[in-house]
Amino acid sequence: MADTISAYVRAAAAQGYGEDWDLAQLWTALKLIYPISFTPEQIIAEVGSSAALDIEFLEARILDDAAAAYKKREEELGADVLRELERKVLLSVLDRKWREHLYEMDYLQEGIGLRAMAQRDPLVEYQREGYELFSAMMDAIKEELASLVFNVEVTIEGDGSQVKARGVEEKPVQSAQLKYTAADENGVATSSDVSRNSPCPCGSGKKFKRCHGAA
């Protein structure tokens, strides 16, 4: 959560001075992540004027507020329920985003050979663009995880051990049929089934059967 919020703040304050920052747009984005408890006008009043706003102060103030909101959420649901909610949300988001990432890698595969026409090494370009897609996936996972933990509707059933999160997949698609793409030594991307005893293509270092191939 902290990484996502910090990225939002630093993107909003990347150029110019405090009076140039679009705080209204920043607040709109933050409200999609967590229920921020103060307004742009209030934080400007704390420092005296928008010109006196400092990015470190703004970031620290918002992170403290987010931490307080998380603590309140934990008190409302209970620590055990929140941990179970986080587990369910993380598994669901990871499963969906990983499948989307594989589809994007397939799209990249289709046009990777055209990079040679621009005097670029297809292998280098495939690795670079693949890394950018992977980084974007990780950022999206963090953002959606934070948002769902704060905003998803939670239902507790039975003796409290059954936690249901509305809109969160309970049974992710089995990964046994997972395929991945990779560039060969000539820069040509190929698609292949993953052996259960092979290293997982996600880069975790674990065998596929103990990572994304786990039943």
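In this predicted model, helix H3 and helix H4 meet through Ile43, Glu46 and Val47 on the H3 side and Phe57, Leu58 and Arg61 on the H4 side. Helix H3 comprises residues 40-47, and its axis comes within 12 Å of that of H4, crossing at roughly 125 degrees. The crossing of H3 past H4 is right-handed. By residue class, the contact of H3 with H4 contains four nonpolar residues, no polar ones and two charged ones.

**Packing of H4 against H5**

Helix H4 spans residues 55-77 and packs on H5 at an angle of about 110 degrees, with the two axes 6 Å apart. H4 and H5 are therefore roughly perpendicular to each other. H4 passes H5 in a right-handed crossing. On the H4 side the contact is formed by Tyr70, Arg73, Glu74 and Leu77, and on the H5 side by Ala79, Val81, Leu82, Arg83, Leu85 and Glu86. Six of the residues in the contact of H4 with H5 are nonpolar, none is polar and four are charged.

**Packing of H5 against H6**

Helix H5 covers residues 79-111 and helix H6 covers residues 122-151; their axes come within 9 Å and cross at roughly 155 degrees. That angle makes H5 roughly antiparallel to H6. The crossing of H5 and H6 is right-handed. The residues of the contact of H5 with H6 comprise 18 nonpolar, three polar and six charged.

Where does histidine 101 lie? Histidine 101 is part of helix H5. With a relative accessible area of 6%, histidine 101 is buried, because the value falls under the 20% limit for that class. When neighbours within four places in sequence are set aside, histidine 101 is in contact with Gly130, Leu133, Phe134 and Met137.

| Helix pair | Axis distance | Crossing angle |
|---|---|---|
| H4 and H5 | 6 Å | about 110 degrees |
| H5 and H6 | within 9 Å | roughly 155 degrees |

**Overall architecture**

The protein contains six helices and four strands. Along the sequence these elements follow the pattern α-α-α-α-α-α-β-β-β-β. Of its 215 residues, 33% count as buried. Among contacts between residues at least 6 apart in sequence, 58% join residues at least 24 apart.

**Confidence of the model**

The mean pLDDT of the protein is 79, and 73% of its residues reach 70 or more. Which elements have the lowest and the highest mean pLDDT? Strand S4, residues 189-193, has the lowest at 47, whereas H4 has the highest at 91. Over residues 172-178 the pLDDT is below 50, and this stretch has 14 contacts in the model beyond near neighbours in sequence. Residues 183-192 likewise have a pLDDT below 50, with 25 contacts in the model beyond near neighbours in sequence.

Notes
Residues are numbered from 1 along each chain as its sequence is written. This is a predicted model: local features need pLDDT of at least 70, side-chain atom pairs count only at pLDDT 80 or more; totals for chains, interfaces and linings use all residues. Side-chain values use heavy atoms; hydrogens and water are left out. Axes are lines fitted to C-alpha atoms, for helices over the stretch in contact, and angles run from 0 to 180 degrees between N-to-C directions. Helices (H or I, at least four residues) and strands (E, at least two) are DSSP runs, numbered from the N terminus. Angles under 35 degrees count as roughly parallel, over 145 as roughly antiparallel, 65 to 115 as roughly perpendicular and the rest as oblique. A crossing is left-handed if the near helix is turned anticlockwise from the far one by less than a right angle, and right-handed if clockwise. Ala, Val, Leu, Ile, Met, Phe, Trp, Tyr, Cys and Pro count as nonpolar, Asp, Glu, Lys and Arg as charged, and the others, Gly among them, as polar. Buried means under 20% relative accessible area, exposed over 50%, partly exposed in between (1.4 Å probe, protein chains only). Contact means heavy atoms within 4.5 Å. pLDDT is the predictor's confidence in each residue, from 0 to 100.
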